[in-house]
Amino acid sequence: MSRSDELTAVASAVLEERLKKPKIGEDHPTKCYMRDGEGEPGEVTGSVRRCQMAGCNGVRIMVRWPNGKVTWPCSRGLQTRRDGAWQIM
Ligand SMILES: [Zn+2]
């Protein structure tokens, strides 16, 4: 098994674990703030996808922002704030 195969296996395991809990907000933050921590937070919808970045075993989290725009920040690029919400690093 190559290194990248191993990483893919890890990513699959992480994703499957997440997908067992389709409502990610039950035990994960339901809000996500922009990098500057200002403004209205986006809504964590609970949808996840495997992160496609080479070497990353995170998952992409669907966030719907107040302006209606949807982005998929990587779980590896999120930090948990003191108030329990996520914030993009
Ligand atoms: Zn990633």
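Here are a few questions and answers about the strands of this predicted model and one of its loops. Residues are numbered from 1 along each chain as its sequence is written. Because the model is predicted, local features need pLDDT of at least 70 and side-chain atom pairs count only at pLDDT 80 or more, while totals for chains, interfaces and linings use all residues.

Q: What is the order of the 6 strands in the open sheet?
A: Strands here are DSSP runs of E, at least two residues long, numbered from the N terminus. Two of them pair if DSSP finds at least two bridges between them. The pairing in this open sheet is mixed, and the order is 4-3-2-1-6-5.

Q: Which residue in strand 2 is the bridge partner of Cys32?
A: Strand 1 (residues 31-33) and strand 2 (residues 42-50) pair in the antiparallel sense over 2 bridges. In strand 2, the partner of Cys32 is Gly42.

Q: Is Gly68 buried or exposed?
A: Gly68 sits in the loop between strand 3 (59-64) and strand 4 (70-71). Buried takes 20 or more other C-beta atoms within 10 Å of a residue's own, exposed 12 or fewer, and partly exposed is in between, with C-beta atoms placed from the backbone. Gly68 has 6 C-beta neighbours inside 10 Å, so it counts as exposed.

Conventions
Helices (H or I, at least four residues) and strands (E, at least two) are DSSP runs, numbered from the N terminus.
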